[in-house]
Amino acid sequence: MGAAEPESAEVDRLPGWVTLLLAPNPGPMTLDGTNTWIVRAPGAERATVVDPGPLDEGHLRRIAEHGPIERILITHGHHDHVEGAARLSELLGGAPVRAGSPVHCLGGEPFDPHESLDGNGLEIRVMETPGHTSDSVSFLVECGNDRAMFTGDTMLGRGTTVVAPPDGDLGAYLDSLELLSAYPEVLMLPGHGPARGDTAERARFYLGHRRERLAQVRAAMAAGAETPGAVVDLVYPDLDPALRFAAEWSAAAQIEYLRREQP
């Protein structure tokens with residue numbers, strides 16, 4: 001069994017400066033769909049978009065209706081977050097797209113480490129949080145006395161994140177969770193699933209879950225399981241077959257991490 005979800009209530013009401021548009025791409029890996037976030041300080045003319053989502057014309061036009069929009073920010077390069085970025089930029093008259101990787105930038109540069117983006121009443125701090133992907137970032141956004149952490153897929157509002165090699169790295173991911181655990185009572189706005197009231201609490205839950213799984217995988221390897229499939233058979237006996245591929249990705253990352261940690 002995995003660690004139980006923390007008891008803290010999901011956040012039902014977002015701050016007035018945050019708007020959520022849910023992309024129409026639900027599925028086993030995307031939960032209810034990709035969360036596209038629009039942030040605009042009270043009284044500000046221009047907004048910022050975080051993760052435009054898939055290339056769905058209706059969804060992208062709904063985002064554009066919230067213009068003027070100054071910029072489009074990407075948490076990581078998976079298609080369900082970035083695929084619609086170029087089309088959204090076009091709809092917005094060329095708004096720049098910025099991401100951790102130059103592959104996904106358009107009219108803007110990749111983020112600098114610990115970069116702060118100021119303007120229009122918001123302060124947006126870029127935080128490198130690799131692990132789910134090598135280019136994953138989170139955004140700590142301050143608006144007046146409010147703070148919110150946009151976590152992309154580094155932490156989800158429901159369930160746990162897949163870390164799949166070669167681009168995913170469990171060691172880097174654990175370090176990123178440790179970093180996020182230093183932000184108590186900061187609203188967490190994920191790439192999928194509901195908002196959560198405490199970024200640090202969510203990070204601690206994720207860390208506990210990962211450590212529990214690693215102990216189980218270590219025991220499975222000691223019992224002779226040498227492949228991701230064999231580990232999944234022992235560690236995830238009641239797994240939904242539709243999610244087996246994701247479990248094998250995670251098992252591969254865990255095996256790699258544990259072998260790297262061996263003396």
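Two strands are said to pair if DSSP finds at least two bridges between them. By that criterion, E2 and strand E3 (residues 47–50) pair in the antiparallel sense over three bridges. The structure is a predicted model, in which local features need pLDDT of at least 70, side-chain atom pairs count only at pLDDT 80 or more, and totals for chains, interfaces and linings use all residues. Residues are numbered from 1 along each chain as its sequence is written, and side-chain values use heavy atoms, with hydrogens and water left out.

**Overall form**

- The protein has seven helices and ten strands; these are DSSP runs numbered from the N terminus, with helices (H or I) of at least four residues and strands (E) of at least two.
- The radius of gyration, taken over C-alpha atoms, is compared with a globule rule of 2.2 Å times the number of residues to the power 0.38.
- For 263 residues, a compact globule would have a radius near 18 Å, and the protein's 19 Å agrees with this.
- Along the principal axes, the C-alpha atoms fill a box of roughly 60 × 35 × 30 Å.
- Buried residues make up 50% of the 263 residues, where buried means under 20% relative accessible area, exposed over 50%, and partly exposed in between (1.4 Å probe, protein chains only).
- The protein exposes about 11700 Å², of which carbon and sulfur atoms supply 51%; accessible areas come from the Shrake-Rupley method with a 1.4 Å probe, and for residues only the protein chains shown count as cover.
- A contact means heavy atoms within 4.5 Å; among contacts between residues at least 6 apart in sequence, 58% join residues at least 24 apart.

- Strand E2 covers residues 35–39, and five of its five residues are buried.
- Both faces of E2 are covered, with Asn35, Trp37 and Val39 buried on one side and Thr36 and Ile38 buried on the other.
- Strand E1 (residues 18–22) pairs with E2 in the antiparallel sense over five bridges, and valine 18 stands opposite valine 39 in E2.
- Valine 39 also stands opposite threonine 48 in E3.

**Leucine 21**

- Leucine 21 is found in strand E1 and is buried, with a relative accessible area of 14%.
- Not counting residues up to four places away in sequence, leucine 21 touches Thr34, Asn35, Thr36, Ile38, His59, Arg62, Ile63 and His66.
- The C-alpha atoms of leucine 21 and proline 237 are separated by 36 Å, and the two residues lie 216 residues apart along the chain.

**The five-stranded sheet**

- An open sheet of five strands runs in the order E6-E7-E8-E9-E10, with mixed pairing.
- Its edge strands, E6 (116–119) and E10 (187–190), each pair on one side only.
- From one strand to the next, the twist averages 20°.
- Strand E9 (residues 146–152) pairs with E10 in the parallel sense over four bridges, and alanine 148 stands opposite leucine 187 in E10.

**Helices H4 and H7**

- Helix H4 (residues 170–180) and helix H7 (residues 244–261) pack at an angle of about 90°, with their axes 9 Å apart.
- Such axes are lines fitted to C-alpha atoms, for helices over the stretch in contact, and angles run from 0 to 180 degrees between N-to-C directions.
- H4 and H7 are therefore roughly perpendicular to each other; angles under 35 degrees count as roughly parallel, over 145 as roughly antiparallel, 65 to 115 as roughly perpendicular and the rest as oblique.
- Where the two helices meet, Leu170, Gly171 and Leu174 in H4 face Ala253, Gln254, Tyr257 and Arg260 in H7 as contacts.
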